[in-house]
Amino acid sequence: MIYSAKQRVTESLAGLGRFTWLAKEALASLVTFKVAWRDLLYQVYFIGVKSQAVVLVTGAFTGMVLAAQTYYQFHKVKMDTATLAVVGVSLCDELGPVLTGLMVAGRVGAAIAAELGTMRVTEQIDALRTLATHPVDYLVVPRIAAGHIALPLLTIESICVGIGASYLVGVYLLGIDATYSWVNMLRYTHDVDVMIGLIKAFVYGGLIALISCYKGLTCRLGAEGVGRATTEAAVYSSITILITNFFLTLVLGKIASLL
Amino acid sequence: MIEARNLKKGFGTQPVLDGVSFRIENGESVAIIGRSGCGKSVLLKHLIGLLQPDAGEVLIDSENIVPMNERQLLRVRRKFGMVFQGSALFDSMTVAENVAFGLRRHEHLTETEIARRVAETLEMVDLPGTETKNPAELSGGMRKRVGLARAIVYEPQIVLYDEPTTGLDPIMSDSIDQLMLRVRDRLKVTTVVVTHDMRTARRVGQRVLMMHDKKIYASGAPDDFFASRDPVVRQFIDGVADPKETPF
Ligand SMILES: Nc1ncnc2c1ncn2[C@@H]1O[C@H](COP(=O)(O)OP(=O)(O)OP(=O)(O)O)[C@@H](O)[C@H]1O
Ligand SMILES: [Mg+2]
C-alpha cells in the first residue's frame, strides 16, 4: 500500500518533470523559430479549418440559449433591452473562448494524441530521431503554433455567430426592441472584452496542443496505451482549460480594471 | 569508430544489458547475434542514443554520447543510418517522401536531384517505381527494404541494421546481403548488423559478436566462430533447443 502510494507520487512527479521538459524544449524551439512552414500550414488547416463546423454550431446555439435565458430573467425586471449586452459580454469574455477551447480539445486533442501515440508505438518517433530530427521541432512545435493561431480565429468566428444568432432570437423570436438592444450591446461590450477573449483563446490553443502532444509522446506501448492517451488528452485539455480560465479571468479582469 | 564500455541497462527490475563492451573500427562490419529477447535491439539503440544506459559509456569517434542531450545528439546522429526491426516507416508519407526524409534534412538539394537519388536508391533495394505508394500498401518485406533505402540514401558513415533480412525470402535476403556489402565497400561504411540469419552473419560480418546472458559472450572472425566448440555458441549456430519435459 505504502509502496504503491509512494510509487504513484514518484511517477506523477516524474510525469510533471517530463511535461516541463517538453514545454521548455517547445518554447526554446518556438523562439528560435525552427518551424517547417508547410507543416505549420497543414496543422492550421487541420486544427482551424476542419474545426469550423463544430465551433460554429456551438457558438450559434450558445448565443441563442443565452439570449433566451437572459431575456426570461430580465423581462421580469423590465430590462429586456439589456439582454444582448449581457450576451455580448459573456460570449466575448467567457463562453466564446472556453466553449471553442472545449470543442477543439475534444476533436483536435484526441486526434493529436492518437497520431503521435501511434507514431511512438510503431517506433516512428525513434526513426525521426535517427534521421537527426528533433521530435519537438518537427511534431510538437508546428502543432502548438497552429493552436495559437487557429484558436483565436475560431473564437472570433464563434463570438460573431453567437451574437448574430442571439440577435435573431432576441429580436425576431422574443420581440425585444432592435435598436435599443444594439445600442446597449455596443455600449457595454468593450474592446477590452474582445481582447480578453482572444488572449484566452491564444493560451488555450497552445495548451491543447502541448498537453495532447505530451500525452501522445509519452503513451504506453500498445494499442491500449494509444487509446488511453487519446482519452486523457481530451479530458486533461478540457479540465486544464476550465481551471486556467478561472485564473485568467481573475488576472485579466484585474489588468483590465487598471487600464 | 564505435565503442561500448561496460554498458548496463535494465527495464524496471529486469536487467537486459549487464556490462557489454566492444569496439568497432571505422569501415569494419560486425554481425551481432544472439537469442530472441536477449537485448540486441536494445544494444543497437544505445549506440545511436535512442536509449540511455544506466551505466557505462558509448563512444562515437572517441566522443562519449551518453551525457549528451537530445539536441547535441542530433549532430552525432547525422553520421548514422538505422534500419529498424519493424521498419518504422512514416505512415503519413509516401515511399518517396520516406526515403527523401534524411536527404532533405542532411543536404540542400534541388527537388529533381532528390527525386533522382530516391529513384536510384529504390532501384538498389529492388523496388523501382514504388515512389507514390503508401507504406500501408506494401508487404512486410517491401517495407523493410524501404526502411533500408531511407537509412542509406544520404550515405551515412555508420549504418545500423536491426534484422534487415528477417521476413524476406531467401533470394531477397541474398540480395540485401549483397546490398549491405556494396554499401560498405563503396562508401567505407561502418556496418553493424543484428541478425538471426547465420548466412547473413557469415557473409556480412567481418567479425561476429554473440550476446548471451546480458553480455558479449563470444567474438571472432566468422570462420573461427562457426568452427567454435563452445557449447553455448555451438547450440546457437546449430539451432538446437534444450530438451524440455513436456506433460503430454
Ligand atoms: N521499452 C522497453 N520497455 C521494457 N522492456 C523492454 C523494452 N525494450 C526491450 N525490453 C526488454 O528487453 C529485452 C530485450 O529486448 P530486445 O528487443 O533488445 O530483444 P532482441 O534481442 O532484439 O530480440 P529479437 O531478436 O526478438 O528482436 C526483452 O526482454 C524485452 O522485454
Ligand atoms: Mg530485436
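Modeller: The answer begins with the sheet and then moves to the metal site, the cores and the contact between the chains.

This is a predicted model, in which local features need pLDDT of at least 70 and side-chain atom pairs count only at pLDDT 80 or more, while totals for chains, interfaces and linings use all residues. Residues are numbered from 1 along each chain as its sequence is written, chains are lettered from A and ligands numbered from 1 in the order in which they are written, and side-chain values use heavy atoms, with hydrogens and water left out.

The sheet belongs to chain B: six strands, in the order 6-7-8-3-9-10, form an open sheet with mixed pairing. Strands (E, at least two residues) and helices (H or I, at least four) are DSSP runs numbered from the N terminus, and two strands pair if DSSP finds at least two bridges between them. Strand 6 (80-83) and strand 10 (215-220) of chain B are the edges; each has a single partner strand, so one side of each has no neighbour in the sheet. From one strand to the next the twist averages 15°. Angles run from 0 to 180 degrees between N-to-C directions, and axes are lines fitted to C-alpha atoms, for helices over the stretch in contact.

The magnesium ion (ligand 2) has B:Ser41 (OG) and B:Gln85 (OE1) as its protein donors, 1.9 to 2.2 Å from it. Donors are N, O and S atoms within 2.8 Å of the metal (3.2 Å for Na, K and Ca), and since water is not among the atoms, sites may look incomplete. B:Gln85 lies in the loop between strand 6 and helix 3 (95-106) of chain B and B:Ser41 in helix 1 (residues 40-47) of chain B, so the pair ties together parts 44 residues apart in sequence. B:Ser41 is partly exposed at 21% relative accessibility, and B:Gln85 is partly exposed at 35%; buried means under 20% relative accessible area, exposed over 50%, and partly exposed in between (1.4 Å probe, protein chains only).

A nonpolar core is a set of buried Ala, Val, Leu, Ile, Met, Phe, Trp, Tyr and Cys residues joined through side-chain atoms within 4.5 Å. The largest has 119 residues, and B:Leu160, B:Tyr161 and B:Phe225 have the most contacts inside it. Helix 6 (residues 135-173) of chain A gives the largest share, eleven residues. Neighbours within four places in sequence aside, B:Phe225 has contacts (heavy atoms within 4.5 Å) that include B:Ile33, B:Val208, B:Met210 and B:Val233.

Chain A and chain B also meet in a contact of 19 residues from chain A and 24 residues from chain B. About 1,900 Å² is buried between them, 56% of it from carbon and sulfur atoms; buried area is the accessible area (1.4 Å probe) that two parts lose on being put together, summed over both. On the side of chain A, A:Arg129, A:Thr130 and A:Leu131 lose the most area to chain B, together 34% of what that side buries.
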